[in-house]
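Please look over the sequence and the model below.

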Amino acid sequence: MTKTLLCLITLCAVCALGGARAQSAPVAPASASVATDDAALFRALGGRAGIDAIVDDFVPRLVADPRMSEFFKNTKQPHLRQMLSEQFCRVSGGGCAYTGKSMAEAHQDMDIAKADFNALVEVLQASMDAQHVPFATQNRLLARLAPMHREIVH
Amino acid sequence: MKQFPSFRSLRAPMAASGLASAILVAGALTAAHHAARAESGKLLLTGGVTSIDGAAGGGLTPWAVIGSNATQGQIGVAATASVVSTRNYTMKVQGLLLAIDDRFEASIARQDFTTGATGRALGLPGLHLRMDVLGVKVRVLGDAVLDSDSLVPQVAVGVEVKDASAGGLKPTLLALGAHTNGIDYYASATKLLLAQSVLVNGTLRLTQANQNGLLGFGGTAQEGYRLEPEFSIAWLANRKLAFGAEYRRKPDNLNPSVLGNGLKEDDWWDVFAAWAPTKNVSLTAAYVQLGHIVPAVATRRQDGGYLSAQLAF
């Protein structure tokens with residue numbers, strides 16, 4: 001009985017992981033500073049046009065969010081939009097050059113807590129929802145962005 | 001949840017459970033007071049739900065996550081009511097949990113297990129088995145959610161101090177060589193495979209408990225501690241909904257006893273759905289299989305339903 005169950009649970013785990021793996025890209029380096037070769041996620045996001053649509057929704061939403069406005073009060077929105085578009089393109093495997101500062105450099109003078117980082121993730125999730133990005137695809141992009149918390153959260 | 005400076009002491013929950021309750025309630029009120037404002041804390045469902053022993057995790061097993069909506073630099077609380085109903089038995093659980101800095105968790109759970117026909121058959125009609133569980137958990141390393149470029153899990157260690165009150169059954173348990181209180185020690189590792197939307201947890205529990213402690217600790221067949229593994233896996237269907245399964249191996253300290261295999265116990269497992277309609281509310285429903293519980297009287301396996309509602313800040 002016990003052994004059967006253990007096998008069943010292991011099987012479930014393998015199926016769940018294998019199934020998810022089959023529809024996702026091979027594991028790619030997730031750091032912002034390393035470009036990825038695999039473009040599957042970039043394509044799933046709708047290419048550069050899809051990413052731009054997400055970012056166009058994301059930037060005004062971010063600036064308007066009461067939890068975030070403090071951090072973006074001195075930010076020039078067109079510049080932020082350009083940097084996010086380049087960065088999302090790069091981390092998703094679109095092969096774009098990212099011309100902005102490093103994450104550590106860009107956030108060094110800001111007092112950003114993990115709660116603020118999570119709030120930003122929620123705003124990005126809302127934007128991806130608004131752009132009809134499937135939940136699984138959202139998580140694949142978030143998985144490439146989330147490790148940046150080490151350079152952003154102080 | 002509340003920002004850090006208001007926090008006063010973590011040592012108190014280790015004292016009498018009455019004091020721990022008072023502190024947990026005070027924390028709950030403070031956090032609830034601040035809940036009205038726009039919240040920044042954990043991402044939805046990443047604090048897990050509340051286990052029957054009070055610690056954040058799945059339903060039957062603790063995870064390495066620290067409960068509530070609070071993340072680093074914050075203090076949070078979660079209150080939970082659960083009910084498990086099997087073929088012959090019902091158990092109600094109330095739990096309260098205090099989370100500090102996404103590092104420490106203190107919890108208390110009160111379990112009330114109705115023995116029904118089994119109690120009557122044992123000459124103890126209306127018998128309830130009650131247990132208080134005082135829990136403390138510390139996150140040791142990792143971030144289960146955000147460290148998505150590495151396979152290093154979030155790891156936590158914890159203790160569950162259990163005080164069982166078996167009522168009229170107590171003399172029988174003592175005669176079988178069981179104690180009525182005990183301490184479980186555990187280590188948990190939790191990883192959200194974010195790109196796959198799958199969460200996995202493994203827990204190793206050092207325990208003497210019979211039926212989680214409701215039938216005491218230790219016994220005729222086995223006196224010492226045993227190391228038992230517990231596993232959970234959950235698939236996030238969307239931000240608010242997760243489906244999963246859990247398995248918990250258990251000791252079998254009262255088998256054999258003077259009742260032969262009449263007090264044999266089995267491993268537990270369940271399949272569950274957890275739904276968070278809002279940031280502060282989560283509901284969990286599960287099919288549970290608790291195996292034999294006092295098969296000398298209740299011969300059938302105890303499968304049934306589990307429902308749990310959690311309010312978290």
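In it, H8(A) is largely enclosed, because eight of its 11 residues are buried. The buried residues are Gln138(A), Asn139(A), Arg140(A), Leu141(A), Leu142(A), Ala143(A), Arg144(A) and Leu145(A). They pack against three helices of chain A: H2 (40–44), H5 (77–91) and H7 (114–130).

**Chain A as a whole**

Chain A has nine helices and zero strands. Its 154 residues are 34% buried. Consider the contacts in chain A with a separation of 6 or more: 75% of them join residues 24 or more positions apart.

**Confidence**

The average pLDDT of chain A is 83, and 76% of the residues score at least 70. Among the elements of the chain, H8(A) has the highest mean pLDDT, 98. The lowest, 43, belongs to helix H1 (residues 2–23) of chain A. Over residues 1–36 of chain A, pLDDT stays under 50. The model has 52 contacts beyond four places in sequence for that stretch. Where pLDDT is low, the predicted coordinates should not be read in detail.

**The nonpolar core**

The largest nonpolar core holds 104 residues. Which of its residues touch the most other members? From chain A they are Leu45(A), Val55(A), Phe58(A), Phe88(A) and Ala146(A). From chain B they are Leu97(B) and Leu194(B). Ala146(A) touches Leu146(B), Ser148(B) and Leu194(B), leaving aside residues up to four places away in sequence. In soluble globular proteins, nonpolar side chains tend to be buried together.

**Strand pairing in chain B**

Strand S6 (residues 104–114) of chain B pairs with strand S5 (residues 90–100) of chain B. S6(B) also pairs with strand S7 (residues 128–141) of chain B. The table sets out both pairings.

| Strand pair | Sense | Bridges |
|---|---|---|
| S5(B) and S6(B) | antiparallel | 11 bridges |
| S6(B) and S7(B) | antiparallel | 11 bridges |

Thr90(B) stands opposite Thr114(B) in S6(B). Phe104(B) stands opposite Val138(B) in S7(B). S5(B) and S6(B) form a hairpin with three residues between the strands. There, Asp101(B) takes a positive phi near 60 degrees.

Technical notes:
Residues are numbered from 1 along each chain as its sequence is written. Chains are lettered from A and ligands numbered from 1 in the order in which they are written. This is a predicted model: local features need pLDDT of at least 70, side-chain atom pairs count only at pLDDT 80 or more; totals for chains, interfaces and linings use all residues. A residue is buried if 20 or more other C-beta atoms lie within 10 Å of its own, exposed if 12 or fewer, and partly exposed in between; C-beta atoms are placed from the backbone. Helices (H or I, at least four residues) and strands (E, at least two) are DSSP runs, numbered from the N terminus. Two residues are in contact if their C-beta atoms, placed from the backbone, lie within 7 Å. pLDDT is the predictor's confidence in each residue, from 0 to 100. A nonpolar core is a set of buried Ala, Val, Leu, Ile, Met, Phe, Trp, Tyr and Cys residues joined through C-beta atoms within 7 Å. Two strands pair if DSSP finds at least two bridges between them.
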